[in-house]
Amino acid sequence: MLGHGIATEAIKQMCRYVFEKTDIVRIYAEPFAENLASCRALEKAGFRYEGTLRSNAIKNGKAIDMKMYAILKADL
């Protein structure tokens, strides 16, 4: 099922719902930098890359980077 756009479509629908039903104007995500599939799904859903959060999490005892992505209500 990889590569069928299911995650991207779920992200888009969730963002649309939140923006339509609440007064939230910004949604952000912080995937692990090494998780290229999650980063790509966010980009395809309209999220913009804002930067890398260096050594932002500990995974298996090792400090790893995370990326910051965000989408604004005005972007839709």
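This is a predicted model: local features need pLDDT of at least 70, side-chain atom pairs count only at pLDDT 80 or more; totals for chains, interfaces and linings use all residues.
Q: Hi! Is Cys15 buried or exposed?
A: Cys15 counts as buried, because its relative accessibility is 1%. Buried here means under 20% relative accessible area, exposed means over 50%, and partly exposed lies in between, using a 1.4 Å probe and protein chains only. Residues are numbered from 1 along each chain as its sequence is written, and side-chain values use heavy atoms, with hydrogens and water left out.

Q: Thanks. And what about Cys39, buried or exposed?
A: Cys39 counts as buried, because its relative accessibility is 3%.

Q: How many disulfides turn up in the whole structure?
A: Zero, where a disulfide is a pair of cysteine sulfur atoms within 2.5 Å.

Q: OK, on to the core. Which residues touch the most other members of the largest nonpolar core?
A: Ile11, Cys15, Ile27, Leu42, Phe47 and Ile71, out of 13 residues. A nonpolar core is a set of buried Ala, Val, Leu, Ile, Met, Phe, Trp, Tyr and Cys residues joined through side-chain atoms within 4.5 Å.

Q: Which elements supply it?
A: Helix 1, strand 1, helix 2 (36-44) and strand 3 each supply at least two residues. Helix 1 gives the largest share, four residues. Helices (H or I, at least four residues) and strands (E, at least two) are DSSP runs, numbered from the N terminus.

Q: What does Phe47 contact?
A: Beyond its neighbours within four places in sequence, Phe47 is in contact (heavy atoms within 4.5 Å) with residues including Ile11, Cys15, Leu42 and Ile71.

Q: New topic: what order do the strands take in the sheet?
A: The three strands form an open antiparallel sheet in the order 1-3-2. Strand 1 (26-29) and strand 2 (48-59) are the edge strands, each pairing on one side only. Two strands pair if DSSP finds at least two bridges between them.

Q: How many bridges join strand 2 and strand 3?
A: Eight, in the antiparallel sense. Strand 1 and strand 3 (residues 62-72) pair over four bridges, also antiparallel.

Q: Which residue takes a positive phi in the hairpin of strand 2 and strand 3?
A: Asn60, with phi near 55°; the hairpin has two residues between the strands.
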